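Welcome, and please open the structure in your viewer. We will go from one selection to the next and look at what is there.

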Amino acid sequence: MKEADVIIQGAGASALATAVGLARGGLAVTLLDAAEVCAAPAPGSEPRHSVIDIVSERVLRHLGGWPFITRDRTYPIEALELEDCNAAAHLTLSACEVGETRLGHVVERGVIDRALRELFDALPQTRRLATGPVRDIAADRQRLTIHLEDGQALTARLLVAADGDNSPLRRLAGIRWRRAGYGQDAVIARIRTERPPGHTVRQRFCGDEPLTLLPLDEHESALLWPVPRTRARRLLEADSSSFHHQLEIASGALLGGIEASSARQAQRLIRGRAERYIGPRLALVGNAAHTVHPLAAQAVNLSLLDAATLIECVLEAHSAGRDPGGIGPLRRYERRRRGSNARMQNGLDITQWLFGAQAAPLPLLRGTGLRIAARLPPLRQALMTGLMGLHGDLPELARGPGV
């Protein structure tokens, strides 16, 4: 039987960040990870990107991963332009208004995972196992034991499920998952435009199809375009000329004409919520605990905050000589993250509905609200603070500039 202080199941940012943070805190960590992080794709070939805010940047700096991330493909965000075409109103928010140089970064998919994997593999007291599925979980007052399908048995004081929205560990623990579809797929592509995007994220709301352009290099942007499922299928099947024409109309030609685009992909949009974040010696983090609409690109930020909060709760108990997998630290973690994540889910759903609804007087009210926000510096600053993640009960890893 193989022993560790903590066993973590997962291969993404939430699993790897949790693993690095707990290992750096002195715990022996075993990462059950059947998937290898792929090598970086050729420049300009990856259409999928994430947005990380200032708080996530701090977490990654404190964990030691930021130098590894910035050597790869990351793009700073200095401003956000939001347009409601039905209300004929727009709002621009700039980081310089709150004394910052950036609101966050656009990061190519896989960059964070590769950086954290490299960090984890270099740490002492860590082990990575490529294993089959977990067959069962048994917890007692001292430890937890998991049995794998290949016959191995592993034991630890804490098990972390960071294995995605279809989490097998969550199912084995008997934690219910509430799932709802949005009836939409997000069309994802990398596009080249007539005008450069600069360092500005652009969002355009026209009915129930909010379109986001994330700035990349020179004249390139990453497209995230949630549309009804049947329309997404037609957009994927359209030839380049037809796709570019439809995209120019939907974007209002914000960056001029569409000159080129990569192969298109579609991402199914699902809202998911675990009824509990914890079980006996078990904690859920990241998409195993929640999934959100990509309207504000918050998925990675929420996952990294889950990881940072769990690290803090577990290491506080460990430093005080208490059980790091006991009910006390786990309840503190759940209390700090479950409500915060639920508020973000609900806020994104309300925003999506509010900007998608066209029945009077909603367009008029939206336009009035955007025009008021444009003229009130305190409200603008509050909005920017939210965009940068600088709100709520932040764990220590998310405070300060990082090292």
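Start by selecting Asp-185, which counts as buried because its relative accessibility is 8%, below the 20% cut-off for that word. Keep in mind throughout that this is a predicted model.

The side chains of Arg-268 and Asp-185 meet in a salt bridge, with 2.6 Å from N to O. Arg-268 belongs to strand 19 (residues 265-274) and Asp-185 to strand 14 (residues 177-193), so this pair ties together parts that are 83 residues apart in sequence. Is Arg-268 buried or partly exposed? With a relative accessible area of 47%, Arg-268 is partly exposed.

Why might such side chains pair up at all? Side chains of opposite charge can pair when their charged atoms come close. A search of the whole structure finds 27 salt bridges, so let us visit some others.

Next, select Arg-73 and Glu-108. These two form a salt bridge, and their closest N and O atoms are 3.0 Å apart. Arg-73 sits in the loop between helix 3 (66-70) and strand 5 (74-77), while Glu-108 is in strand 8 (residues 104-108); the pair links distant parts of the chain, 35 residues apart. Both Arg-73 and Glu-108 are buried.

For another pair, select Arg-336 and Asp-393. Here too there is a salt bridge, the closest N and O atoms being 2.9 Å apart. Look for Arg-336 in helix 9 (residues 327-356) and for Asp-393 in the segment after helix 11 (377-387); they are 57 residues apart, and the pair links distant parts of the chain. Arg-336 counts as buried at 18% relative accessibility, whereas Asp-393 is partly exposed, with a relative accessible area of 46%.

Our last stop is helix 8, so select residues 299-319. How far apart are the end C-alpha atoms of helix 8? They are 30 Å apart, which agrees with the 30 Å that its 21 residues should span at 1.5 Å a residue. Helix 8 is mostly covered, as 17 of its 21 residues are buried. Finally, click on Gly-321, which follows helix 8 and has a positive phi, near 80°.

Methods. Residues numbered from 1 in each chain as written. Predicted model: local features only at pLDDT ≥ 70, side-chain atom pairs only at ≥ 80, totals over all residues. Heavy atoms only, no water. Helix = DSSP H or I, 4+ residues; strand = E, 2+ residues; numbered from the N terminus. Expected span 1.5 Å × (residues − 1). Buried < 20%, exposed > 50% of the residue type's maximum accessible area, 1.4 Å probe, protein only. Salt bridge = Lys/Arg side-chain N within 4 Å of Asp/Glu carboxyl O.
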